[in-house]
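Here is a briefing on one protein model. Please keep the structure in view while reading.

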Amino acid sequence: MKTSKLSIRLLWYITPLVILPLLFLGGFTLTNVTNSTKKQAELIVSRFVEQQQHKIFNYIDSFHSITRLLSTSPVLADFLAREPNSKNQYIEHLGELMNVFASYSEAYPDIVSINYVDSQGKSDAFYSSQLTPAPKSYPFFDQVLQSNLRQQQFMIPKEDGSTSLYFVHPIYNIDYYLKRPQELGFIVVHVEPSILNTSILEAPFNNTLNLFLTSKGQILFSSDYDLRGNYLSEYELEQIKGLADYGKLSSIELSSIDKEERIIYAVQMTDGDYYVSTTPKDLLYQSGKAISLITALIVIISVISLPILIYIVVRNLLLTPVELLGAASHRVGDGDLSVYLPAHTNDEVGVLFNDFNHMVNQIRHYQDELKEYKHHLEDKVESRTKALEAMNNKLEIAIAQAEQANQLKSRFLANMSHEIRTPLTAIMGFTEQLLHNKDAVNDDQHLSTILRNSKHLLELINNILDLSKIEAEKLAVECGPCSVVQLIHDLDSIIRPLANEKRLEFTINYSLPIPKSINSDTTRLKQILINIASNAVKFTEQGHISIDIRYNSAKQYLEFAIQDTGIGMSEREVERVFKPFEQADATTTRRFGGTGLGLCISKNLAQLLGGDVYLKSEPGIGSCFTVQIACHLKPEQQQNDAFIHNLEQLSPSKDLQLSFASNSFDANILVAEDNPDNQLLIKLLLQTWGLEPDIAKNGAEAVEMALVNDYQLIIMDMQMPVMGGLEATQMLRHAAYDGPIIALTANVMKTDVDTYLEAGCDEALAKPIDKNALEQVLVSYLNIEKDSQNKWENLLKSEKFQQINDNYRSKLPDYLNQVVQLYRTKEWEALRSLAHSLKGSAGCFSFEEIHETAGQLETALRSNQAQQIEQSYEMLISALKKAS
């Protein structure tokens, strides 16, 4: 294979870049390995000698301590204090002293003998474990007499080459009348030094020679027994003393022992003795030399093999693919588009191969397209021309639709302007009459007119909002039990008076059987039926209106067919009637009014409920709207007894317990409310139904009372001091209270209500308190006796209610001062709590302006909007001053 120039250049650069660092690294490693081996050997030898030194020191110190203890023995003192001429005392005290010497000899087996000698060197009391006689003299005794040391030891070589160790301690007679104590004698302990013998034999390496030298160079102990008693030369002794002074390892040749060069480490012992450990130099550094040779061999092999391996790897991974890519590029440059590089790994080279193949495919594809364009250029021009014409047609249609939408918008705005201004004109006109004409008659009639137009305006706004929610797909519908009989009864109670007012015949026909109840959104279903039925009444001048109800068992639909004999609609008008903001024609709007939203909303609501609305109509004859609603029947609702089979079952069932025969009901109710005025009002309301509630001032008190007493129902305010209603409800549910808990709050947003229900509440009532809503809850959960509307009106006119109302009014100045003080001190959390309390209590006593402004201030404080807080605060201050 031909070697490329790039390969040669690569090898030229790789070789020095790899070899030089490897040589440097190898030399550095070799030096470190050699030094580390030497240091490790030296460290082992030095630690070994130091350990032996400490061991010998401890051994000698222990026998010094024994000698000192013997010299201070009370038995020895008694022996020395005996009468000189009393032989009996001498024998008695000598026996006791021998016992003491024997006990020490038994405790320390190295002790050969213990001797007490007087100041002249005569032995007076001698004990030997080997039963030898007392020595006549000691060779070191003259030295003992001349020394002033308290304790001394002597190493005396014996004829057999071994060494004996002697410990000497003087004994004094202390006399306080003398200037110095009198020396009575000496304790001499003879020891066979087993520790010295064993420590000399220990060695850190093989062939290690350990020596114990005197200050004169005599070898007292040696791991080589033949060397004991020999002397080192004066020169060698001086070298060893120098090494001991500096504490270093050094290479010395001891000619007195052998001719071999040794590494020596020496330490000085007591009395000028020396401990020496020697190891042959070649043996000590033998392992380091082997490691150095191995390291050098590895470096040499790496220097030779690594560049070759790097070259082979780089060539396979880089050079060969580059050569392939270059050859393929040359072929593509020559016009050969059949080139294809083989699949490679997923690395950058593989990506480069894939991109090259993709580029060749694109070039081939573009060439094919170019050929095709050359052959079919006329066809493409013609097709593009037709496409432009079709686009122009669509554009013209879109422009027409935009113009039509603009017209619809203008017509809708004009219609909305008329629909909104009409009730607003009546509301504003009659309101000005009531404000400026204090003596006006028919006040009730004016107020009724204002209320009726307000409800109409509210209905209009609700329709617009419902449509907006439907188009944004944010209108939520519920699925709950819905009584069909009650639904038709409510529809009849609303539509029949409207039909009677126009002298129209109104009938409801049933195709039995029909289910007693379905699962749907009762409110939205009623909204659909009332909207379509009221339209039937509005667009019918004479004749009749009928509602046919039947159940489609095949599709499980409940169908309502609402038919009238009104003006009717053409096919074109039928197509437009379900579109938003449109009616049959402009004359319909001028004649009958309306926004054109009702049917659009009804159809969308029906579809959300799983059904639809269909229309059949003929001009001048009438219309028939068919409303289909999915029943969503559960298995138990599909049983035969869950259906209505005869007309007697069509009347709404009456609960016998809701009769008006009695004015009282035996039920224990707990009301948790922190506001005293609200406490009195709720208590007064419940008393109208014959109920006498217990009052709790906060959540903690409510929990305690509910766990002690048996309450059938709890009305729980959600925001109270000490413990809020939410926490109290959760605690009661955890404590296994299973009675109904009704949340009473001014926060009635859906998210807030869901939070209360998740915490364990069964219902949520809004503040200000709605008498009908409260009555419905009590009837639902307690089945209390439902009283007439007159009782509620009498309550509002009663002296006790007026007294509570006046009492609340008298507290308004105090509330005003609290609001001002909290605002000035910027205690926002306390101010928000007070605003929440005012919102609930003021609404209960019909102070609507305080109720609204307090709610605005609470919302502003919760969202922390400074400008809105200031505006709401000023409005609340104004409302409180006006009401005070």
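The points below cover sheets, helix packing, a hairpin region and some backbone features.

The model is predicted. Helices α19 and α20 pack at an angle of about 25°.

**The antiparallel sheet**

- Strand β6 (residues 209-213) is joined to strand β10 (residues 274-280) by five bridges, and the two run antiparallel.
- Within that pairing, Asn-210 stands opposite Ser-277 of β10.

**The parallel sheet**

- Four bridges link strand β20 (residues 669-672) and strand β22 (residues 713-717) in the parallel sense.
- Leu-670 has Ile-714 of β22 as its bridge partner.

**The α19 and α20 pair**

- The axes of helix α19 (residues 725-734) and helix α20 (residues 750-759) are 9 Å apart.
- Their packing angle is about 25°, so α19 and α20 are roughly parallel to each other.
- On the α19 side, the contact is made by Leu-726, Thr-729, Gln-730 and Arg-733.
- On the α20 side, Thr-755, Tyr-756 and Ala-759 make the contact.
- The contact residues divide into three nonpolar, three polar and one charged.

**Strand β16 and its partners**

- Strand β16 (residues 557-564) is mostly covered, with seven of its eight residues buried.
- Strand β15 (residues 544-552) pairs with β16 in the antiparallel sense over eight bridges.
- Ile-547 has Ile-562 of β16 as its bridge partner.
- The hairpin of β15 and β16 has four residues between the strands.
- In this hairpin, Gln-556 takes a positive phi near 55°.
- Strand β16 is also joined to β18 by seven bridges, and these two run antiparallel.
- Phe-560 has Val-627 of β18 as its bridge partner.

**The loop between β18 and β19**

- Gln-637 sits in the loop between β18 (622-630) and β19 (643-644).
- Gln-637 is buried, with a relative accessible area of 12%.
- The contacts of Gln-637, not counting residues up to four places away in sequence, are Ser-517, Asn-519, His-632, Ala-642 and Phe-643.
- Gln-637 and Ile-518 are 119 residues apart in sequence, yet 7.9 Å apart in space, C-alpha to C-alpha.
- His-632 also lies in the loop between β18 and β19.
- His-632 is partly exposed, with a relative accessible area of 43%.
- The phi of His-632 is positive, near 50°, in a residue other than glycine.

**Helix α24**

- Helix α24 (residues 812-824) has 13 residues, which at 1.5 Å a residue should span 18 Å.
- Buried residues in α24 are Leu-812, Tyr-815, Leu-816, Val-819, Val-820 and Leu-822.
- After α24 comes Lys-826, whose phi is positive, near 60°.

**Other backbone features**

- The peptide bond from Leu-512 to Pro-513 is cis, with omega near 0°.
- Pro-513 is in the loop between β12 (505-511) and β13 (514-515).
- Leu-131 has a positive phi of about 60° although it is not a glycine.
- Leu-131 is in the loop between β2 (123-128) and α4 (141-146).
- Leu-131 is exposed, with a relative accessible area of 77%.

Terms used. Residues are numbered from 1 along each chain as its sequence is written. This is a predicted model: local features need pLDDT of at least 70, side-chain atom pairs count only at pLDDT 80 or more; totals for chains, interfaces and linings use all residues. Side-chain values use heavy atoms; hydrogens and water are left out. Two strands pair if DSSP finds at least two bridges between them. Axes are lines fitted to C-alpha atoms, for helices over the stretch in contact, and angles run from 0 to 180 degrees between N-to-C directions. Angles under 35 degrees count as roughly parallel, over 145 as roughly antiparallel, 65 to 115 as roughly perpendicular and the rest as oblique. Contact means heavy atoms within 4.5 Å. Ala, Val, Leu, Ile, Met, Phe, Trp, Tyr, Cys and Pro count as nonpolar, Asp, Glu, Lys and Arg as charged, and the others, Gly among them, as polar. Buried means under 20% relative accessible area, exposed over 50%, partly exposed in between (1.4 Å probe, protein chains only). The expected span of a helix is 1.5 Å times one less than its number of residues.
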